[in-house]
Amino acid sequence: MTATVGRLRTEVSHADVVRAIREYDRLGPEKFFSIHGFGPSRTYELVWQGRSYPHKAILGTAYELATRRRLRPADFEGGKSGAVAVLTSLGFAVRNKQ
């Protein structure tokens, strides 16, 4: 998992995440999850322009858009040392859903 987080850090850009967010907005949650193989977030959410998004699904899709390689949800952690850390390092806000 640590190696995957390293790849996410080096291969995903801010623009890739924005592309994934736009894809989510265009498709809607159900179709987005069906196409990209992720589900809703349980603990954290990405906040962009006043809207909330499933942080791990967005990051995984951003990786797919950037590299044309798909990650499964089990391939990387969604928590503070995984998806949250990568997204915040790219300048995004991520908050705890609780």
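Colleague: Which residues touch the most other members of the largest nonpolar core?

Modeller: Please note that this is a predicted model. The largest nonpolar core holds 29 residues. Within that core, the residues that touch the most other members are Val-17 and Ile-58.

Colleague: Which element gives the largest share of this core?

Modeller: The elements that give two or more residues to the core are helices H1, H2, H3, H4 and H5 together with strand S1. In soluble globular proteins, nonpolar side chains tend to be buried together. Here the largest share is six residues, and the element that supplies it is H2.

Colleague: Is Thr-67 buried or exposed?

Modeller: Thr-67 lies in helix H4. A polar atom of its side chain lies 2.8 Å from the backbone oxygen of Tyr-63, and a polar atom of the Thr-67 side chain lies 3.1 Å from the backbone nitrogen of Arg-69. The limit for a buried residue is under 20% relative accessible area. The relative accessibility of Thr-67 is 15%, so Thr-67 counts as buried.

Colleague: How many residues apart in sequence are the parts that Glu-11 and Arg-69 tie together?

Modeller: The side chains of Glu-11 and Arg-69 meet in a salt bridge, with 2.7 Å from N to O. Glu-11 lies in helix H1 and Arg-69 in the loop between H4 and H5, so the pair ties together parts whose separation in sequence is 58 residues.

Colleague: Where do Arg-19 and Asp-16 lie?

Modeller: Arg-19 forms a salt bridge with Asp-16, and their closest N and O atoms are 3.6 Å apart. Arg-19 is partly exposed at 41% relative accessibility, whereas Asp-16 is buried at 10%. The two are three residues apart, about one turn of the helix, and both lie in helix H2.

Colleague: What is the relative accessible area of Arg-70?

Modeller: Arg-70 forms a salt bridge with Glu-64, the closest N and O atoms being 3.3 Å apart. Glu-64 counts as buried at 18% relative accessibility. Arg-70 is partly exposed, and its relative accessible area is 45%.

Technical notes. Residues are numbered from 1 along each chain as its sequence is written. This is a predicted model: local features need pLDDT of at least 70, side-chain atom pairs count only at pLDDT 80 or more; totals for chains, interfaces and linings use all residues. Side-chain values use heavy atoms; hydrogens and water are left out. A nonpolar core is a set of buried Ala, Val, Leu, Ile, Met, Phe, Trp, Tyr and Cys residues joined through side-chain atoms within 4.5 Å. Buried means under 20% relative accessible area, exposed over 50%, partly exposed in between (1.4 Å probe, protein chains only). Helices (H or I, at least four residues) and strands (E, at least two) are DSSP runs, numbered from the N terminus. A polar contact is a pair of N or O atoms within 3.5 Å; within protein, one must be able to donate a hydrogen and the other to accept it, and residues adjacent in sequence count only if both atoms are side-chain atoms. A salt bridge is a side-chain nitrogen of Lys or Arg within 4 Å of a carboxyl oxygen of Asp or Glu.
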